[in-house]
Amino acid sequence: MRRSEVIREIARCDGLIVANIGFPSRELYMLQDNSRNFYMLGSMGLASSIGLGLACSQKRRVYVIDGDGSVLMNLGSLATIARYAPSNYCLIIADNKVYGSTGNQPTATAGKTDLMKIAQGAGNPAVRRVKNIAALRRTMQLFSKTSLIVIAETDTKTTEVPIIPHTPVDIKARFMREVTCRSKTTDNR
Ligand SMILES: Cc1ncc(C[n+]2csc(CCOP(=O)(O)OP(=O)(O)O)c2C)c(N)n1
């Protein structure tokens, strides 16, 4: 399964999408640039945490498209997700076993590390591994009202994708308008 196919499947769903730095964000941008997309252009490892905060603070379902390398960088997030387990949260980890966006250096999941076991051990209520799009679709439907973590096994292939032209500030502002953030924000830029 290719990561771009996984992203296409997620983009069909109704909800907010937080996409990880690098190819995941760029593939989502190319497929469907939309105000409900938050492209995390800077902080590797934080997409799952950003999505969790978002899920806890509003009602729409939040889909996070993350990478194995990034989740490995912030494993504590899996415990925090389990601690709060908001029913509108869905983390999809495209596990291609490499740091794909920086040249396919192998990650620990290429060895003995199993993110599914780690997520389960952290106490997450629903963790599933999928190897094809049909299984991904079934899983997302079955657990559509549950806090869900999906390990989607993908290959290392990437699509030709443009650089996202929006600035991080514009991405944030557009996304905040979409979410209709009620709390007063201070922005001194
Ligand atoms: C703290 C930090 N370290 C390194 C980078 C450089 N970097 C950007 S994307 C990336 C690889 C991400 O790999 P993975 O999460 O497995 O996702 P993939 O690109 O394979 O979809 C790296 C190393 C960064 N942005 N931030």
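Tutor: Before we look at strand partners, one definition: two strands count as paired if DSSP finds at least two bridges between them. Keep in mind, too, that this is a predicted model.

Student: Which way do the side chains of strand 1 point, and are they buried or exposed?

Tutor: Leu16 and Val18 point one way, while Ile17 and Ala19 point the other way, and all of them are buried.

Student: Let's carry on from Val64. What stands opposite it in strand 4?

Tutor: That is Leu91, and strand 3 and strand 4 run parallel, joined by six bridges. Strand 4 is in turn joined to strand 8 by six bridges, again in parallel, with Ile92 standing opposite Val150 of strand 8.

Student: How many residues of strand 4 are buried?

Tutor: Seven of its seven residues are buried; Tyr89, Leu91, Ile93 and Asp95 point one way, whereas Cys90, Ile92 and Ala94 point the other way.

Student: Switching to helix 1, how many of its residues are buried, and what covers them?

Tutor: Helix 1, spanning residues 3-11, has seven of its nine residues buried, and those are Arg3, Ser4, Val6, Ile7, Glu9, Ile10 and Ala11. The elements that cover these buried residues include strand 1, helix 2, strand 3, strand 4, helix 7 (133-142) and strand 8 (148-153).

Student: Now the ligand. How many residues surround it, and which are the closest?

Tutor: The ligand is surrounded by 17 residues, of which the closest are Arg3, Gly69, Ser70, Gly100 and Ser101.

Student: Which backbone lies 2.7 Å from an oxygen atom of the ligand?

Tutor: That is Gly100, through a backbone N or O atom. For side chains, an N or O atom of Asn96 is 3.0 Å from a ligand oxygen atom, and one of Asp68 is 3.4 Å from a ligand oxygen atom. The protein covers 74% of the 590 Å² of accessible area that the ligand has on its own.

Terms used. Residues numbered from 1 in each chain as written. Predicted model: local features only at pLDDT ≥ 70, side-chain atom pairs only at ≥ 80, totals over all residues. Heavy atoms only, no water. Buried < 20%, exposed > 50% of the residue type's maximum accessible area, 1.4 Å probe, protein only. Helix = DSSP H or I, 4+ residues; strand = E, 2+ residues; numbered from the N terminus. Contact = heavy atoms within 4.5 Å. Near = heavy atom within 4 Å. Polar contact = N/O pair within 3.5 Å; in protein donor to acceptor, adjacent residues only side chain to side chain. Areas by Shrake-Rupley, 256 points an atom, 1.4 Å probe, with all protein chains shown as cover.
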